[in-house]
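Hello,

Here is the structure we discussed. Please look through it, then read the notes below.

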Amino acid sequence: MRRREALAVLFGTGALTAVPPFRRAVAQEGEAEQEGAGAPELYDPFRVGRPRDRITDYENDPFIIGIESRLQCTCGCTLDIYTCRTTDFTCGVSPELHRQVVEMVEGGMTAQEILDAFVAEHGEAVLTAPKREGLNLLAYFLPGAAVVTVGSLLLWALARRRKAVAVATSGSDASDGLSDDERARLQAEFDKLEL
């Protein structure tokens, strides 16, 4: 009888469930290696998602990265293909799109031909930025034009307000609506208060 089984009998089955699953998996792996039997591979919670494919020369190729950065992953994550395949290891779509890009590059296609092929297959929504033509130009110029227009309106309103305040303060000194006699009596009252 193994020590684990003896402890389980001694303390009941609750002792086995108190050991964290990872430690149990490590202990079981060690036991399987000691027995030398071809035990099935245990689930490792720290190994993420899909098994990693063989790393190729194209994984970090700047040309491939440039193309993939201009194409959006179609898994729904709103990331470009390069970012999705290098950060979300559970995504099964981005590696396939990466393979398509690599096959097209190996086939001798240029970057623009690859982008056009993806647009033909998935529609213009696959591009991370719209093409600079037609109504898409509004997406490039409208935000800048809106900022300039709103800024100009604010500057104009501030200039008008500053001018109105300047006129109001300069006009109040000269014409306060008092006659010379009233002004003299008011000054006499102020003089009394200062004493």
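The count comes to four salt bridges, each a side-chain nitrogen of Lys or Arg within 4 Å of a carboxyl oxygen of Asp or Glu. This is a predicted model, where local features need pLDDT of at least 70, side-chain atom pairs count only at pLDDT 80 or more, and totals for chains, interfaces and linings use all residues. Residues are numbered from 1 along each chain as its sequence is written, and side-chain values use heavy atoms, without hydrogens and water.

One of the salt bridges joins Glu 68 to Arg 85, with the closest N and O atoms 2.8 Å apart. This pair links distant parts of the chain: Glu 68 is in helix 4, Arg 85 in helix 5 (residues 81–87), 17 residues apart. Helices here are DSSP runs (H or I, at least four residues), numbered from the N terminus. Both Glu 68 and Arg 85 are buried (under 20% relative accessible area; exposed is over 50%, partly exposed in between, 1.4 Å probe, protein chains only).

Arg 99 and Glu 96 form another salt bridge, at 2.9 Å, N to O. They sit three residues apart in helix 6, so about one helical turn separates them. Arg 99 is partly exposed at 35% relative accessibility; Glu 96 is partly exposed at 38%.

His 98 also lies in helix 6. At 7% relative accessibility, His 98 counts as buried. Its contacts (heavy atoms within 4.5 Å), not counting residues up to four places away in sequence, include Glu 68 and Arg 85.

Regards

Conventions:
Helix = DSSP H or I, 4+ residues; strand = E, 2+ residues; numbered from the N terminus.
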